[in-house]
Amino acid sequence: MSCIHYKFSSKLNYDTVTFDGLHISLSDLKKTIMAREKLKAADCDLQITNAQTKEEYTDDNALIPKNSSVIIKRIPIGGVKSAGKSFVIDRSEPASGTSKAVCKTKIQSEPFYWLNLSCCFYKCYL
């Protein structure tokens with residue numbers, strides 16, 4: 001029996017997958033780990049990196065030699081997206097004939113809550 005030692009990047013200890021042969025394909029390793037960890041293929045994908053060489057396995061047909069140690073990271077199905085926070089600011093022009101500006105600010109992210117307050121403050125003192 002051959003084995004691969006794996007651990008998720010957030011874990012401290014390695015677990016073991018056993019198989020027959022000298023190597024296992026990346027797709028078979030992913031299926032085995034997902035079954036053992038009760039993960040659904042529709043929810044996420046696994047990024048698998050060799051623990052010693054830091055080589056990331058990307059080809060599903062890649063062969064991983066027996067007795068290797070790998071680090072696993074769960075990633076979204078569509079790949080890793082940028083970590084930038086998005087927000088939307090919608091400021092309407094004042095209606096014709098009025099002297100006060102109308103500010104309608106919609107913030108979708110908590111760190112930008114102060115923009116709502118400053119906009120309201122600004123509107124009150126025009």
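Modeller: We shall go through the sheet, the helix and the aromatic rings in turn. Please bear in mind that this is a predicted model.

Colleague: In what order do the five strands of the open sheet lie?

Modeller: The order is β2-β1-β7-β4-β5, with mixed pairing. At the edges are β2 (15-19) and β5 (56-57), each of which pairs on one side only.

Colleague: How many bridges join β4 to β5?

Modeller: Strand β4 (residues 45-50) is joined to β5 by two bridges, and these strands run antiparallel. Ile48 stands opposite Tyr57 in β5.

Colleague: Which strands does α1 lie across?

Modeller: Helix α1 lies across β1 (2-8), β2, β4, β5 and β7 (69-75), and runs at about 115° to β4. This helix spans residues 26-36 and includes Arg36.

Colleague: Why is Arg36 classed as partly exposed?

Modeller: Its relative accessible area is 43%, and the class applies because this value falls between the limits of 20% and 50%. Leaving aside residues up to four places away in sequence, Arg36 touches Tyr6, Thr16 and Val17. The C-alpha atoms of Arg36 and Val17 are separated by 8.9 Å, although the two residues are 19 apart along the chain.

Colleague: What describes a pair of aromatic rings?

Modeller: One gives the distance of the centres and the angle of the planes. Here, a search of the whole structure finds one aromatic pair. Tyr6 and Phe8 form this pair, with 6.5 Å centre to centre and 80° between the planes, which is edge-to-face.

Colleague: Are Tyr6 and Phe8 buried or exposed?

Modeller: Both Tyr6 and Phe8 are buried.

Note on methods
Residues are numbered from 1 along each chain as its sequence is written. This is a predicted model: local features need pLDDT of at least 70, side-chain atom pairs count only at pLDDT 80 or more; totals for chains, interfaces and linings use all residues. Side-chain values use heavy atoms; hydrogens and water are left out. Rings of Phe, Tyr and Trp (its six-membered ring) pair if their centres lie within 6.5 Å; planes under 30 degrees apart count as stacked, over 60 as edge-to-face and the rest as tilted. Buried means under 20% relative accessible area, exposed over 50%, partly exposed in between (1.4 Å probe, protein chains only). Helices (H or I, at least four residues) and strands (E, at least two) are DSSP runs, numbered from the N terminus. Contact means heavy atoms within 4.5 Å. Two strands pair if DSSP finds at least two bridges between them. Axes are lines fitted to C-alpha atoms, for helices over the stretch in contact, and angles run from 0 to 180 degrees between N-to-C directions.
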